[in-house]
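Have a look at the model first, then read on.

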Amino acid sequence: MAKSLIEELPRIVSEGRREAQQILERLSSGTQIGLQTNELVLPSKDVSGLFKGSSPQIPNAFNNAVGGDNWMNRLIYGDNLLAMQALLAGDASTGLPSLRGKVDLIYIDPPFDSKADYRTKINLPGTDIQQKPTVIEQFAYADTWEQGTISYLRMMYPRLVLIKELLSDKGSLYVHSDWHIAHYLKLILDEIFSKESFINEIMWCYSIGGKGSRFFGRKHDNIFLYTKSSNYIFNGKDKLVSTERKANSHMRVKIDQDGREYQEKTDKKSGKIYRYYVDEGKIPNDYWIDIEQLNREDAERIGYATQKPERLLERIIAASSNEGDLVCDFFGGSGTTAAVAERLGRRWITCDIGKPASLVMRKRFIDQEVKPFLYQSIGDYQKEAFRNNKKLKHVGDLSQVVLGLYGALPFSPEQCNDRNFGYIKGGRTLVMVDSPNRLTTAATVKRAVEAKASLLGGGWEKVVVLGWNFAFDISQAISQYKDSNVEVLVIPPDLLDKLAKKGFKKLIDDRSVRFSSLQYLVVKPVTITRHPEGDEIDVELDNYVLLSPDNIPLDDKDKEKLQDVMQRDPLSLIEYWSIDPDYDGVTFRSTWQDYRENTDNDSDPLHCIYKTRLKVEHKPQRKVCVKAVDVFGFESQVVMDA
């Protein structure tokens with residue numbers, strides 16, 4: 001028998017309150033989650049075609065972006081619960097103070113349909129494939145809807161508490177929902193923000209979709225407006241206009257001597273007559289019928305299933321924030337909130353757990369030529385997942401588990417006191433398991449090669465490194481040690497969840513854990529042409545090798561299609577690539593970009609261009625860094641001396 005939601009509500013509240021309190025206590029104790037900066041993006045997409053690209057002057061563009069007190073907008077990939085913790089804690093590496101009480105407007109549009117299909121359609125040359133959500137997304141969605149509405153409210157409760165912590169005293173929260181979950185969600189919102197902080201339930205009415213033969217057409221979404229205090233921003237009188245006018249309005253339209261339409265209304269108490277001019281608009285009511293859902297052919301449509309129209313966010317952002325205010329969206333989706341915030345002169349932070357959403361947003365912001373922004377992710381993602389997963393308490397030493405799943409045996413303490421090392425029985429293969437709380441780097445590979453030569457007297461024929469998270473220099477390390485018979489493999493990113501749900505013995509028996517090779521990018525040698533006014537750098541991609549299709553969330557038929565594309569047109573798998581022509585070894589500064597769907601430089605929406613020429617200031621020596629992200633979100637990076 002299904003659990004009663006009414007009976008479960010007290011438990012949802014008490015557990016959610018306890019989880020939120022533990023998070024806040026952990027932050028106050030100094031245990032913090034960091035944000036890892038993947039890129040500083042200086043939007044400069046290729047628009048001229050082959051060997052015609054140009055980049056901003058380096059390092060001036062970078063210095064202008066991060067120097068002084070300049071604010072950096074942020075696109076964050078990862079679980080918003082972790083992202084909000086990082087924002088509450090602050091990010092010293094990029095000069096971000098704690099944002100507790102500093103956010104002026106938060107709009108969220110969380111997924112609210114338990115039966116939604118979260119697959120992403122990927123168009124490739126000659127075929128289409130359907131990408132399932134990443135493993136991180138799959139488990140997030142499964143946890144969200146495991147018990148239907150009960151699980152959903154458990155997911156939302158601590159997130160709404162952290163949202164309240166982030167809001168400033170003048171801040172507002174808009175929560176976008178629909179008939180699936182709206183009224184249950186309002187109970188939780190009232191509990192966290194109080195009923196007195198509830199300002200409006202906005203009905204956003206539209207004509208698209210929602211039809212059926214056994215119910216009245218479902219033609220509106222619910223948007224709840226809550227505020228942090230009574231001192232909230234509301235610009236409805238000054239900045240909002242709604243020019244919609246019903247044909248049967250009881251307020252008849254008149255025309256003044258200048259030909260302008262107006263309506264009159266008499267105040268019942270004072271008897272004063274007010275005149276409203278139609279062309280000046282009015283403060284909208286709490287049912288919005290003048291903003292339509294996006295049609296498939298609308299120019300602003302970017303192919304994201306739940307994309308909201310910019311006019312909707314324009315009204316919300318104009319109403320509840322001022323220029324320079326900070327606007328956040330922690331279910332970023334297609335990036336509409338951030339895109340509109342940028343255009344209206346607001347600062348912004350947006351976040352999404354979906355890798356496809358992050359790629360869509362990044363391209364959208366570059367297309368819009370927004371100000372420089374940081375593209376970040378949650379640091380030590382697997383570490384946080386391991387620490388927060390209560391079901392893994394009895395798994396034992398994780399490195400020993402990984403060794404066993406790979407088919408290796410651990411050394412005895414007398415043989416080796418480092419429990420990260422093991423060996424393949426009956427052979428001379430050494431196996432090293434890296435920790436989930438650090439990146440596997442070139443130094444890790446070097447250590448493995450040294451162990452191969454020295455551990456137990458050496459004599460090992462091969463060493464295998466199993467890693468969770470990889471630094472950008474890992475490809476160079478693999479190339480550097482290619483003659484040392486070292487292999488670097490990826491530990492499946494869903495392994496922790498599989499262990500929690502199936503257990504070690506079940507995973508051993510069904511042999512469902514597969515360790516795959518890393519993807520890598522091949523770039524031709526960079527050439528430089530010297531000129532009195534500066535240098536020209538020619539950069540050309542040569543090849544892209546994707547990791548095994550078995551480790552990508554696809555159906556079997558789509559794995560076969562992908563294998564075919566990998567063989568005949570591997571570079572078509574690159575979703576976007578970018579260049580830092582003066583890489584400092586720390587922060588990748590994306591100063592030139594090209595990506596699929598950018599047809600300003602060619603007429604091919606399914607391929608990037610694969611070579612370009614950048615004009616930069618003269619330097620006797622420089623490092624050029626090239627980064628590529630494929631259609632599945634896997635990153636590769638190559639650094640070359642020039």
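At what angle do the axes of helix H8 and helix H9 cross, and within what distance do they come? They cross at roughly 60° and come within 9 Å. Keep in mind that this is a predicted model, where local features need pLDDT of at least 70, side-chain atom pairs count only at pLDDT 80 or more, and totals for chains, interfaces and linings use all residues. Residues are numbered from 1 along each chain as its sequence is written, and side-chain values use heavy atoms, with hydrogens and water left out.

**H8 against H9**
- H8 covers residues 310-320 and H9 covers residues 336-343.
- On the H8 side, the contact (heavy atoms within 4.5 Å) is made by Glu-310, Leu-313, Glu-314 and Ile-317.
- H9 brings Thr-336, Thr-337, Val-340, Ala-341 and Arg-343 to it.

**H12**
- Helix H12 (residues 398-406) is mostly covered, with seven of its nine residues buried (under 20% relative accessible area, 1.4 Å probe, protein chains only).
- Among the buried ones are Leu-398, Ser-399, Gln-400 and Leu-405.

**Val-445**
- Val-445 sits in helix H13 (residues 442-454), and counts as buried because its relative accessibility is 0%.
- Leaving out residues up to four places away in sequence, Val-445 touches Ile-474, Ala-477, Tyr-481, Val-486 and Val-488.
- Tyr-481 is 36 residues from Val-445 in sequence, yet 8.0 Å away in space, C-alpha to C-alpha.

Conventions:
Axes fitted to C-alpha atoms, helices over the stretch in contact; angles between N-to-C directions. Helix = DSSP H or I, 4+ residues; strand = E, 2+ residues; numbered from the N terminus. Buried < 20%, exposed > 50% of the residue type's maximum accessible area, 1.4 Å probe, protein only.
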